[in-house]
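Here is a short briefing on a protein model. Look at the sequence and the structure first, then read the points below.

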Amino acid sequence: GMDGDDRPRSVDLALVPDNAYGPRDLGAYELQSIGNLARNAAFDDDLHIWAEATPGISSWSPEDRSGSTTSGSIEIIDDSPAMRVTALTQCIGIPGPALYRLSGWGYVSANHGVGDVPILAWYTFPNSADCSGAAVDSGELPISDDTTGWHPIGGQYVAVSPAEWTPNTSVLIQLVLQKGNDPLFPENGFGRFDDIALVPDSDVIFADGFDP
């Protein structure tokens with residue numbers, strides 16, 4: 001049979017446990033493949049899907065990291081006394097146990113917020129669909145270089161083992177700006193993020209943990 005979009009109805013993705021329901025997804029639409037789990041990851045038009053952690057410091061910018069004029073990025077400007085600010089967050093449901101690779105791009109400026117570092121932070125919640133409660137694992141990824149311009153962030157593996165995974169497992173992604181040591185304006189904070197990605201590194205479910 002076919003799903004609501006006239007695509008194959010029984011797609012058995014190795015990453016997604018069948019449990020008691022078999023290979024088909026619940027509902028009218030069948031997941032055909034698993035790619036980037038982060039939504040609105042390239043900030044093409046706006047900042048929808050991403051939640052404000054610190055109100056008023058994030059805005060959409062037409063400055064795309066690849067130079068494209070059809071996309072954009074997130075821009076963070078913060079002049080508060082805080083030397084570290086979390087701008088936006090996204091809670092992502094995890095479809096199955098696997099190694100997930102987190103990566104992105106960050107921008108630093110020579111004119112505003114000298115020495116500032118865009119950071120991708122992540123937290124794993126094995127039994128909380130809304131990223132609440134106590135995280136069981138976490139990590140941080142700074143940009144690869146602090147010279148002016150766009151630089152890659154990551155990637156780092158977020159491991160969700162078969163013993164940890166439940167249908168409610170989620171990962172919280174945070175877009176963080178660590179302010180630098182600008183001697184004239186230490187509180188000035190500026191940075192951009194683009195092309196955030198959380199993708200499965202393997203479609204294999206390991207019955208007894210992960211192979212090295």
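Arg 101 stands opposite Val 199 in strand 10, where strands are DSSP runs of E with at least two residues, numbered from the N terminus. This is a predicted model, in which local features need pLDDT of at least 70, side-chain atom pairs count only at pLDDT 80 or more, and totals for chains, interfaces and linings use all residues. Residues are numbered from 1 along each chain as its sequence is written, and side-chain values use heavy atoms, with hydrogens and water left out.

**Strand 10 and its partners**

- Strand 5 (residues 98–108) and strand 10 run antiparallel and are joined by seven bridges; two strands pair if DSSP finds at least two bridges between them.
- Strand 3 also runs antiparallel to strand 10, with five bridges between them.
- Ile 77 has Phe 190 as its bridge partner in strand 10.
- Ten of the twelve residues of strand 10 (residues 189–200) are buried, so this strand is largely enclosed by the rest of the structure.
- Buried means under 20% relative accessible area, exposed means over 50%, and partly exposed lies in between (1.4 Å probe, protein chains only).

**The whole protein**

- The protein has ten strands and zero helices; a helix would be a DSSP run of H or I with at least four residues.
- Of its 212 residues, 43% count as buried.
- Among contacts with a separation of 6 or more, 72% come from residues 24 or more positions apart; contact means heavy atoms within 4.5 Å.

**Rings and charges**

- The whole structure holds three aromatic pairs.
- The rings of Phe 43 and Trp 50 have centres 5.6 Å apart and planes at 35 degrees, so the pair is tilted.
- Rings of Phe, Tyr and Trp (its six-membered ring) pair if their centres lie within 6.5 Å; planes under 30 degrees apart count as stacked, over 60 as edge-to-face and the rest as tilted.
- Phe 43 and Trp 50 are both buried.
- Tyr 107, Trp 150 and Phe 190 are linked into a cluster by ring pairs.
- The charged end of Arg 192 sits over the ring of Tyr 107, 4.7 Å from its centre.
- The charged end of Arg 101 sits over the ring of Tyr 157, 5.8 Å from its centre.
- A charge sits over a ring if NZ of Lys or CZ of Arg is within 6 Å of the ring centre and within 35 degrees of the ring normal.

**The largest nonpolar core**

- This core has 34 residues, of which Leu 102, Leu 120, Ile 173, Leu 175, Ile 196 and Leu 198 touch the most other members.
- Elements giving two or more residues to this core include strand 3, strand 5 and strand 10.
- A nonpolar core is a set of buried Ala, Val, Leu, Ile, Met, Phe, Trp, Tyr and Cys residues joined through side-chain atoms within 4.5 Å.
- Ile 173 touches residues including Trp 50, Leu 102, Leu 120 and Ile 196.

- Ser 73 lies in strand 3 (residues 73–78) and is buried, with a relative accessible area of 0%.
- The side chain of Ser 73 reaches the backbone oxygen of Glu 63 at 2.7 Å.
- Among the residues that Ser 73 touches are Phe 43, Trp 150 and Arg 192.
- Thr 169, in the loop between strand 8 and strand 9, is buried with a relative accessible area of 2%.
- The side chain of Thr 169 reaches the backbone oxygen of Pro 126 at 2.6 Å.

Definitions and conventions:
A polar contact is a pair of N or O atoms within 3.5 Å; within protein, one must be able to donate a hydrogen and the other to accept it, and residues adjacent in sequence count only if both atoms are side-chain atoms. Lists of a residue's contacts leave out its neighbours within four places in sequence.
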